[in-house]
Amino acid sequence: MRVNANKNVHQMKRDPYKTLMRVALILLAVVLLGAVAYYLCSLAITNDYAAKRDEIIRQNEENEIAFNTRMNELRSSQNAFFDVETGEVVTVELPYWENTIDGALWRIEDDGKTAPENTHDIVADRNELMLGGLMLINAWHPLPSEFSDEALVAVGSTSGYKIPVTDNSVKLFRPAYDALFEALEIAAGQGLENYLVQEGYRSNDAQTELFNKRMAKLQDKYSGDILIEQTKKEVNYPGTSEYQTGFSFSMRLYPNPDDLEFVESPQGKWMVDNSWRYGMVFRFPTKDFPDATWEDKSYKTAVSIELNLFRYVGKAHAAAMRVMNFCLEEYVEFLMEHPHISIYEDGALKYEIYRIADTKEASFNLPVPNPSSSYQASFDNMGGIVLAYSY
C-alpha cells in the first residue's frame, strides 16, 4: 500500500499474472510432492511384495523338504513293531517295485498302513466318488444301483468334432473325455491322426438289447442257465459291461486305406504305448493282443475276445498299473493288500495313493496332504475309496 499527502491509505493492486504464477508453482510443488510420495509408496509396496513372495517361495521349498524328510522318516519307522516275546523293536523291510520305462526309473514303495501326514479334509458325496474313475466293473462286480449317467458329455460336439466319432451318441464322463482330448492332441502333434472313437458309454437298456439279441441266436442250442452262461461268453450281462462305466471307449482308424488292424497301425501302437501318460489304460490284454509283449490278462478280466478298448482310471493309477504291468482287477486287489503306496519317477515323488474302507455313508471327510497339487477320489466297487495325490 501507499500513503498520499492527505494521509489516505490506498491499497495497491496485485498483479494477477504473478498471483497465477504463484498458485501454479504451489500446485506444481504439490503435484511433484504427490508424485514423489506415490513413487516411494509404490516402490515400498513392490519391494514388500517381492520380499513376501520370496519368503513364501522359500517357505514352500522348506516345507516341501521338511515334508519329504518326514515322509522318509515315516517310511523308515512305520514298519517297526514291538516284539512282546523278546522285548525288542523289530524292523521289517517294506517292499518296493521298480521298472524302467522310456529311460526313466519308476519306483513304487509300500508305505504300510499308516495314513498320509499333514492333511486337510475335503468332503465328497457318493455321486462324486462314483465318478472318480477307478470303479471296477466286471462279471463279478456289477454297476452299483445308485449309478447315474447324468454327467455324461457328447464327445463329438463337446470337442467341436476335433475328436472324430461315429456319431454324437458317443458319450463319456468328463475326466475320460479330457484325458482322450489331451492324448489325441499330443498324437496329432506327432503326425498321428485318423483316430475314430467308435463307441463310448452304453446304457443298461442298450446292453440288455445286445444281450437278448445274442441269447435269441443261441436259444436253439441251449436253454435255461446254460443259455445265459453261453451268451455271457460273447456279450456281457447287463450291468457288468465295461462300456457301462462311462469311462471306456473303443477306437479304430478312419479312413483306413491300408485296412490295418488298429493295434498294428502307428496310431494304435502309439495309443497302446502312451495312453497311460494321460490317465488311460488298455483294458483287456489277451494272448498276443495288442501284441506279443503284453501279458495275457483274460484269466483275471474274463474277457478273451480282442477289443480295442481303453479305460480312464486317472494318471496316478495308470502310472502304477504301467509300472506293475497290472490290469484293473489286479491293481485293485494290489491296493487292498497295500493300501498306502508312493510312486517316484527318477527319485522324485510323483504320486501317492491311499485306500480306505467305504463306510456306506452319504458323504465322506477324506484326507488330502497339504503339499499335493491335486487329488482324485473314487470308489473302487470292492468296498474301498481310493485317493490319489499328485505332487
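Q: Which residues does Arg283 touch, not counting residues up to four places away in sequence?

A: Arg283 touches Leu136, Ile137, Glu242, Thr301, Leu309, Arg311, Leu328 and Glu329, not counting residues up to four places away in sequence. Contact here means heavy atoms within 4.5 Å.

Two notes on the basis of these values. The model is predicted, so local features need pLDDT of at least 70 and side-chain atom pairs count only at pLDDT 80 or more, while totals for chains, interfaces and linings use all residues. Residues are numbered from 1 along each chain as its sequence is written, and side-chain values use heavy atoms, with hydrogens and water left out.

Back to Arg283. This residue is found in the loop between strand 12 (280-282) and helix 8 (298-301). Helices (H or I, at least four residues) and strands (E, at least two) are DSSP runs, numbered from the N terminus. Arg283 counts as buried because its relative accessible area is 1%. The classes are these: buried is under 20% relative accessible area, exposed is over 50%, and partly exposed is in between (1.4 Å probe, protein chains only). The side chain of Arg283 has a polar contact of 2.8 Å with the side chain of Glu329. A polar contact is a pair of N or O atoms within 3.5 Å; within protein, one must be able to donate a hydrogen and the other to accept it, and residues adjacent in sequence count only if both atoms are side-chain atoms. Val272 is 11 residues from Arg283 in sequence, and their C-alpha atoms are 10.0 Å apart.

Asp288 counts as partly exposed because its relative accessibility is 47%. Pro290 has its place in the loop between strand 12 and helix 8 too. The peptide bond from Phe289 to Pro290 is cis, with omega near 10°. Most residues other than glycine have a negative phi, and most peptide bonds are trans.

The Tyr254 to Pro255 peptide bond is cis, with omega near -5°. Pro255 is placed in the loop between strand 11 (248-253) and helix 7 (266-274). Lys360 has a phi near 65°, a positive value in a residue other than glycine. Lys360 lies in the loop between strand 15 and strand 16 (363-369). With 63% relative accessibility, Lys360 counts as exposed. Just after helix 9, Asn325 takes a positive phi of about 60°.

Helix 9 (residues 315-324) is mostly covered, with eight of its 10 residues buried. They are Ala316, His317, Ala318, Ala319, Ala320, Met321, Val323 and Met324.

Arg355 lies in strand 15 (residues 348-357). Arg355 is buried, at a relative accessible area of 14%. Its side chain and that of Asp380 are joined by a polar contact of 2.7 Å. Leaving aside neighbours within four places in sequence, Arg355 is in contact with residues including Leu335, Met336, Pro339 and Asp380.

Asp110 lies in strand 6 (residues 104-110). Asp110 is buried yet has no salt bridge. A salt bridge is a side-chain nitrogen of Lys or Arg within 4 Å of a carboxyl oxygen of Asp or Glu. The nearest side chain of opposite charge is Lys113, 7.4 Å away. Lys and Arg count as positive and Asp and Glu as negative; His and the chain ends are not counted. The side chain of Asp110 does make a polar contact with the side chain of His338, at 2.7 Å.

Thr208 lies in helix 5 (residues 204-218). Thr208 is partly exposed, with a relative accessible area of 26%. Thr208 and Pro238 are 30 residues apart in sequence, with their C-alpha atoms 5.3 Å apart in space.

Last, the chain totals. The chain has 10 helices and 18 strands. Buried residues make up 40% of its 391 residues. Of the contacts with a separation of 6 or more, 65% are between residues 24 or more positions apart.
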